[in-house]
Structures are given as C-alpha cells and as structure tokens.
Amino acid sequence: MFLRSLEIFNKTGSNDYPFSIPALKNMTSLAFKTNVTFFVGENGSGKSTILEAIAYQCGFNTAGGSRHNQYEVDASHSILGEYMRLSWLPKITNGFFMRAETFYQFASHVDSLPPGESLHYYGGRSLHKQSHGEAFLSLFNHRFGNRAIYLLDEPEAALSPARQLALLRIIKDLEDEAQFIIATHSPILLGYPNAQILNFDAQHVQEIKYEETLHYIVTRRFLENREKVLEELFND
C-alpha cells in the first residue's frame, strides 16, 4: 500500500458544505488497510466528495486525470481537499483519478493533445470513437500500471456486468503493485475478494462486510424474488 490514512480537520467548525454531510461532519481520520478499498453509500453520502479531495491532495486534476492533465470543468474544484492531509508510506506521485460524470470532457482533453503524446495511453484510438464502455476499458487496460494509486468514481457507470468482471481482473493483475480506492454502487465490483469496504451511510464511516451492504441485500432480494419485490413496489 502507498496511501495509509487521511486526516480531515475543520478548524473553523463550519457546518457548511461539505461538513454539512453527516459522514464528513463526524470524520476526523480514515485508515486504509488493503490495496483495494471501496466506498459505498447512497447518493449524497459523501463518498465522491472524499475521493475528489484525495485526488486534490494527490495533485491529480479533480475533473479527472493525472497530474499532467490540465483542463477545467465547472464545479470540479474540491472544497474538502483544502481540509485534508494524507499519510503515505512511501509517497508516490503516479496515478489517476477516473471520474465517470466528467469522462466526456476528459476524452475531449485527450483529443486536444498531440496524438504521439496521448493516444497510445488509451489504445491508440480516440476515446470519443469508442463506445462509452469501450473507452472506460481502454483507459483501464492501457493507462493503468504499477506503483500508482488509482481513484475511481463509479467506474461501473458505462460498464456491462461482463465488463465489470473484466475490470475486476485488471484490478487483480495490478493489486500487488498498485492501490485502488473506488466509490461504487455495483454489487459486482464490491465482491472483489478481501477488499476493505467503508460504509458512508453510517453516521460514522465504518467497515462493513460485503453481505451486509445494502447493494448486495437489495440485489439479491430482487434476483431471488423478482415478482414479489415488484408487486410490493408497484402496489405500495
């Protein structure tokens, strides 16, 4: 592992965003115990905000990309990043922040670079000339390598279930020499063996077992009792 922990400090005692988010208001530190960590929680629970702040502290473009990708997207500035400190052993500067919601802008940024300086990192073809899912996998397959930290915000957004499994294989191939911190709603990705899962729905962020995540419970119940679940949903 490279990133061991983070510390959050709110010197002003502010209750404004992002400290208005319950999980962040109560958080002072967070420890990473494995090379693969997942953030889980409902929309607005703070997991993407934390991930963006880590990217800020790593020096990555908070709109998505690495330290070398210079472009701007509205509302991509990390407020929380200014109140965070990271603890490394050892510190690394190589890595990437993959942000699903701004991936289109990132792909446009890549197209604006000289081809010889960029496209070989993404399979030799414009990301805009691939399907959304193909572009994600091109990034994972060609841009990711060893001795790096990868921050992925909802990478399943454009991936079919089969390609989510392909992503798990990529993570497995790199796990010994890279660190992954992933915010996700995918019960497939969360099934990665021996991963640390941190639940942001609790008042205090805490570790949770895969089978205890709401993502697993809801998905399993639906698959095993689809007709009953839909009947209850539609007749409520």
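Predicted model: local features only at pLDDT ≥ 70, side-chain atom pairs only at ≥ 80, totals over all residues.

Student: What makes F136 and F140 an edge-to-face pair?

Tutor: The ring centres of F136 and F140 lie 6.3 Å apart, which is within the 6.5 Å required of a pair. Their planes stand at 75°, and planes over 60 degrees apart count as edge-to-face, so the pair receives that name. Both residues belong to helix α5 (residues 132-143), where they are four residues apart, about one turn of the helix. F136 is buried as well, with a relative accessible area of 0%.

Student: Why is the pair of Y150 and F180 called tilted?

Tutor: The centres of the Y150 and F180 rings are 5.4 Å apart, with 35° between the planes. Because stacked requires planes under 30 degrees apart and edge-to-face requires over 60, with the rest counted as tilted, the angle of 35° places Y150 and F180 among the tilted pairs. This pair links distant parts of the chain, with Y150 in strand β6 (residues 148-153) and F180 in strand β7 (residues 178-183), 30 residues apart. Y150 is buried at a relative accessible area of 0%, and F180 likewise counts as buried at 0%.

Student: Which residues do ring pairs link into a cluster?

Tutor: The cluster joins F96, F136, F140, F144, Y150 and F180, and the structure holds ten aromatic pairs.

Student: How do you know that strand β5 is largely enclosed by the rest of the structure?

Tutor: Five of the five residues of β5 are buried, so the strand is described as largely enclosed. The burial applies to both faces, with G95, F97 and R99 on one side and F96 and M98 on the other. β5 also pairs with β6 in the parallel sense over five bridges, and within that pairing G95 stands opposite I149 in β6.

Student: Why are R85 and E7 called partly exposed rather than buried?

Tutor: R85 has a relative accessibility of 43% and E7 one of 36%; because partly exposed covers the range between the 20% limit for buried and the 50% limit for exposed, that is the label given to R85 and to E7. Their side chains meet in a salt bridge at 3.0 Å, N to O, which links R85 in strand β4 (residues 84-88) with E7 in strand β1 (residues 3-8), 78 residues apart.

Student: How do you know that R221 and E232 form a salt bridge?

Tutor: Their closest N and O atoms are 2.6 Å apart, and a salt bridge requires a separation within 4 Å, so R221 and E232 meet the criterion. The pair links helix α8 with helix α9 (residues 226-235), its two residues being eleven residues apart. R221 counts as partly exposed at 38% relative accessibility, as does E232 at 39%.

Student: What makes H215 a buried residue?

Tutor: H215 has a relative accessible area of 13%, and because the limit is under 20%, H215 is classed as buried. H215 is placed in helix α8 (residues 214-224), and, not counting residues up to four places away in sequence, it touches V40, G41, T184, H185, P187 and L190.

Student: Which residues touch the most other members of the largest nonpolar core?

Tutor: They are F38, M98, F140, F144 and F180, in a core of 37 residues. Among the elements giving two or more residues to this core are β5, α5, β6 and β7. A second, separate core of 32 residues includes F19, A23, L151 and A183.

Note on methods
Residues numbered from 1 in each chain as written. Heavy atoms only, no water. Buried < 20%, exposed > 50% of the residue type's maximum accessible area, 1.4 Å probe, protein only. Contact = heavy atoms within 4.5 Å. Phe/Tyr/Trp six-rings, centres within 6.5 Å; stacked < 30°, edge-to-face > 60°. Core = buried A, V, L, I, M, F, W, Y, C linked by side-chain atoms within 4.5 Å. Pairing = 2+ DSSP bridges.
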